[in-house]
Amino acid sequence: MEAGELLEDCLRAAETPLCAQVSEAVRLDYCRCKESLCEEVASLLQEAVEMKWPFVPEKWQYKLSISPKDKTNLSDLISKHVHSLLDLLRTSIRAQEPHTSLAVVFLVDRFLYWTDESSRLLKITKLLHKRHPDTPVAPQLVIRQARVFLNSGKLQKAESILSSLIYRNGTTGCWVYRSDSDKTLVQAVSVQVRGMVLQKLGLWLQAAELIWASLVGYYSLPQPDKKGIGTSLGLLANILVSMNDEDFRAFKSNPDIDFPSLLGDSGSHRLLSAAQAAKMAVVYSQYTSLYVLTNVTAQGTCLLSYSFSPACPASERASFLQKAREAFAIGLLTKAEGEVVTSQQELHTFLKAAYSIAVTDKWLDAPKEAVMKAGQACQQALGLFYKYCHAGAPDKDGLCVEIMHEVTRVKHLLGVEPFPNSEKGSFIPDSYRNVTDASVNFTQEGFSKTLVRFQKYHASLCEGAKSCKGTDAKAAAQLCLTALDTTVGPVTTESFPEASKQKPRSSRSSSVFPSKNADLSPTLESTDPLGSSWQKLSMTGSGSPRPSSGGRRQGASVSDQSSIPTESDDGGCSQSADESEKPKPQVRNSGISSSPVPKSTTPNSLSHSPRFEVIQAGVETVDYDTDHMTNIDDVETEGSLHSLSQLALKTSSSSLGESFGSRSSWEKISTGQNSPAWERAQPSSLSKSRSKSAGSDGSFFIMDTLDSESSCSPGGVTDQGNAEGPSPLESHDPAQSNPLKPGSHRAPMAQRKPSQGVSDSSAPTEGSEESSFEMLGVSQNGHRGKEATTAEKDPQTSALCYRCLHQSAAAPAPDGQFMLSQQDYQALLAGICHECLLRRLRSKTTLFKLQNVQTAYNALHLKFSKATGLWTARETCVYIGDLMEMEGKQRRAIWVQFLHQEERLSSYVGKDYLKPREIQFHLNDVERQMTAQYYVTEFNKSLYDKEVLAQIFFIPSDALLILNGDEIVGCITVEPYMLGDFVKLTNNTGKKKMDVEATKYGLAFGHFTYLFSGGQEVVVDLQGWTTSNGKGLTYLTDPQIHSTRTPRGPSNFAERGLEYFLKDQHGPTCNEVCNLLKLPPLTEQPRV
């Protein structure tokens, strides 16, 4: 019988009502199973019953001197005896021996987690806990539940568990600790996992501080925890890769962090520090193949990223690429050919290592055909991996074999050779053994002081969590696996009849059907809450959700999402919620398109045409009324700012400064004029649009960076036909002399018809044949000049943006605007400011639309940092999965899997517009959400300092540029999947949902952003997931920002939007949260 079937038998036994008396046959069966265990497993079981350790230890984990017999792993032992242990679990449940049952669960927990079976095991644990509440549950199992919640998107529940363990000194039920150091270990692991939560939220600085705190805890134990140290160092490496340089400087300069003692020279580059952390992690975990694979892949990623960094000398780039290649090769060799892999995380990391070594070889000028075939193998494997993640247990074994077969192909194609390794049982080469243990002086006293810094935050979460039902006051103070109800239930919707009377702006919504519930008002157009909790999901063993073909939807109800309408600036509204957000059948292997776009009939083959519609608009229709066009000229005056990334983040009131005194874990972010966040205003001569002439060849033309939010009319859209299919890792620019250039073979670009642009009457029509980032230098009068560089005008910006540093470099023009040259790749991989990116990619004539699902592509994963204003890319592979069951008014949600996602075991949601849109729509969506995240980080400091028991987060959003060879053929935004009840707190006019407690915090946040931006910005349209009492944690997505610094559009009402917030949504009277934060009344603030 397979382990999964045995586990199902155990679950049925736990669900069976207790018998009054255990039969003799059941008792004998239990004794037989217990006596059949081998001596080593029986000894471990007894130690688990006696609560000897809070986590089952590896033999090498706490030893300074490792003997040959210690170079084994617990998972190997458990895998040999898992059937015997599960037999014992089943019989012990029937024999009513809860101590034995929970001890067996404790022993098999980690093994079943890596084989994706945790969900059923945790169900058994909860049933046993309810049945036998006085039997201790190991802290490892409690934290496992938090990990599964993290993977499934239930962040509130994960945070509740972790904060309870941290704040209450590891207390969990009736578990008895043998020593204080065991409590330290539990707290260190809890802090580590909390760092992973913040990593998923894109809060790199705060996540790094928590991971560092966990390192202090692990090192402070009587015998340092090598496994814990290695895991935290690997996490820190991944966080540092994503962190911006501004936050890295703040992290290193934190007086509570002794950075040089652990990672050496404090002056080293962020990515080199990350690579060193990852290499140390490899050495600490060298006896476990999965940990070596994970950490060495992180190391290679750091080195590959550094090779494209402006800080990397050109003469050393090849050397760092070779080091990155070596790291990826080490990871690929952790499993021999034909060796079984049973973990979703391990499969994902193998694929990432395989794809990354192919990318590295491309830049090392390896044979083009081998690189191309390796990329195709990775794409094929990623499609199989997506199926693996959503398959049942019977199908996983076969899929796993197929995936590893493709990984083996990559190793053979690229010549991955074994390395010298003189130590049996170790998975690292001899060259890594020169890494010595860091001489740190971390103590348990120091760890306790570190935890004090986070005490208020964890206290607030414990305050917000509900206690276990049916327990007394003392038991309620202890963490219980059954006390995890932290999400809000369905919220009663309100009616705003005045909104429903407005004229719909979309032809689709010309006929508004009445809702089944009379109190449902229309959902209006500027945004759609594609949060993610839209469908009933079954969970994989690790907690990652999988699509369900039917059943009741879990999470957001239609009424929750539409009870507060979001309006568009033309005064119109969309169709009713029931019409616009009705469930859609899941679509497999089919093209989906709006009315102007013909349905694709291309078969779903990896080698066939891209499933993104690329469309030329013959005539641009700007979605403005006359008032909009007038206001565009009004805001485009000398010194105006044209992008959210140019915000001058400063306070306008001295009293507001009281909120920023903390030097706790929430570090200050520089907001003065000398900060990189302060960016130069564009000269007025650049604020006018310049479109292509009728005969333009599609190459770059000078254009402003305004987010006009325009859309093309259906009548102006022409189909471009099918381009050739995604050819993996094919490259560009054969004329370049750079020795690191990739091969020049490229799939032909889709043929584009000449189209006529509509030029602004106040700006001349210009054409340009230069399109790479380096050719974008412009002078004050709007023309490119050799002398007028950004470096001369703004050293702060030029020191960060690759284009601003290298704009005078000569480069041949690529074949079209969306063909990427070698310099384009260099700029994107090194980091480019928002203005340069939009100048390079913005188009008013080329639209993109996802046509098909279930297809793998090469892609550029673009992350935006508000603190630096930079976009940074990584080459990755993405699988566009199934459509989700629901769609909003403007966008739809798609399951997405990509190799460089932050959380390997988590699901991600892609968002694509229903109608074809220009690429800047997607980029501005990301920038807007990350700008809101920047604001809310500052707001959280105020809450923390004033001891307000709440925190708000915007989940991070990234962009994926989908590639066919070197041509951009599509763009979607991606964000982590969140599971829970979705609620809309406010819209983008005056509506608010005051029966939800969190709305008070949302209004205070809007008040704060208005002050923080000097009266020029306010974040509105707040929607997401919250707790029932408004305290604890709130996670938001898809905000809108009213701004007088950017031109008006359907979602940015500019001055009128600020008035809506000041007079209607917030109103003249502050609520208690505003008063607690001592925010100056809005009526006293001068308007800018």
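User: What kind of model is it?

Analyst: It is a predicted model.

User: How many helices and strands does the protein have?

Analyst: There are 35 helices and 18 strands.

User: What share of the residues is buried?

Analyst: Of 1088 residues, 66% count as buried. The accessible surface is about 36,700 Å². Carbon and sulfur atoms own 50% of that surface.

User: And the contacts, how much comes from residues 24 or more positions apart?

Analyst: Such pairs make up 78% of the contacts with a separation of 6 or more.

User: On to voids. How many cavities of 30 Å³ or more are there?

Analyst: The structure holds 15 of them.

User: Which residues lie nearest the centre of the largest cavity?

Analyst: Arg147, Met196, Thr231, Gln345 and Arg904. They belong to a lining of 48 residues. The elements giving two or more residues to that lining are α5 (98–114), α7 (139–152), α9 (180–200), α11 (226–242), α15 (289–307) and α17 (344–363).

User: Which element gives the largest share?

Analyst: α11 does, with nine residues.

User: How does the lining divide into nonpolar, polar and charged?

Analyst: The lining has 17 nonpolar, 21 polar and ten charged residues.

User: Let's look at α7. How far apart are its end C-alpha atoms, and what span should its residues give?

Analyst: The end C-alpha atoms are 20 Å apart. At 1.5 Å a residue, the 14 residues should span 20 Å, so the two agree.

User: Why call α7 largely enclosed by the rest of the structure?

Analyst: Because 14 of its 14 residues are buried.

User: What follows α7?

Analyst: Glycine 153, with a positive phi near 95°.

User: Is aspartate 1038 buried or exposed?

Analyst: Aspartate 1038 is buried, because its relative accessible area is 5% and the cut-off for buried is under 20%. Asparagine 169 has 35%, so it counts as partly exposed.

User: Switching to leucine 272. Which helix is it in, and what does it touch?

Analyst: Leucine 272 lies in α14 (residues 270–284). Leaving out residues up to four places away in sequence, it touches Tyr306 and Phe320. Its relative accessible area is 27%, so leucine 272 is partly exposed.

User: Last one, arginine 1056. Where is it found?

Analyst: Arginine 1056 is in helix α34 (residues 1055–1065). With 33% relative accessibility, it counts as partly exposed. Its C-alpha atom is 9.5 Å from that of serine 1043, 13 residues apart along the chain.

Notes: Residues are numbered from 1 along each chain as its sequence is written. This is a predicted model: local features need pLDDT of at least 70, side-chain atom pairs count only at pLDDT 80 or more; totals for chains, interfaces and linings use all residues. Side-chain values use heavy atoms; hydrogens and water are left out. Helices (H or I, at least four residues) and strands (E, at least two) are DSSP runs, numbered from the N terminus. Buried means under 20% relative accessible area, exposed over 50%, partly exposed in between (1.4 Å probe, protein chains only). Contact means heavy atoms within 4.5 Å. Accessible areas come from the Shrake-Rupley method with a 1.4 Å probe; for residues, only the protein chains shown count as cover. On a 1 Å grid over the protein atoms alone, a cavity is a set of points where a 1.4 Å probe fits but cannot get out, and a pocket is an open set with protein on both sides within 12 Å along at least five of seven lines; lining residues have an atom within 4 Å of a point. Grid points are joined across faces, edges and corners, and a volume is the space filled by probe spheres set on the points. Ala, Val, Leu, Ile, Met, Phe, Trp, Tyr, Cys and Pro count as nonpolar, Asp, Glu, Lys and Arg as charged, and the others, Gly among them, as polar. The expected span of a helix is 1.5 Å times one less than its number of residues.
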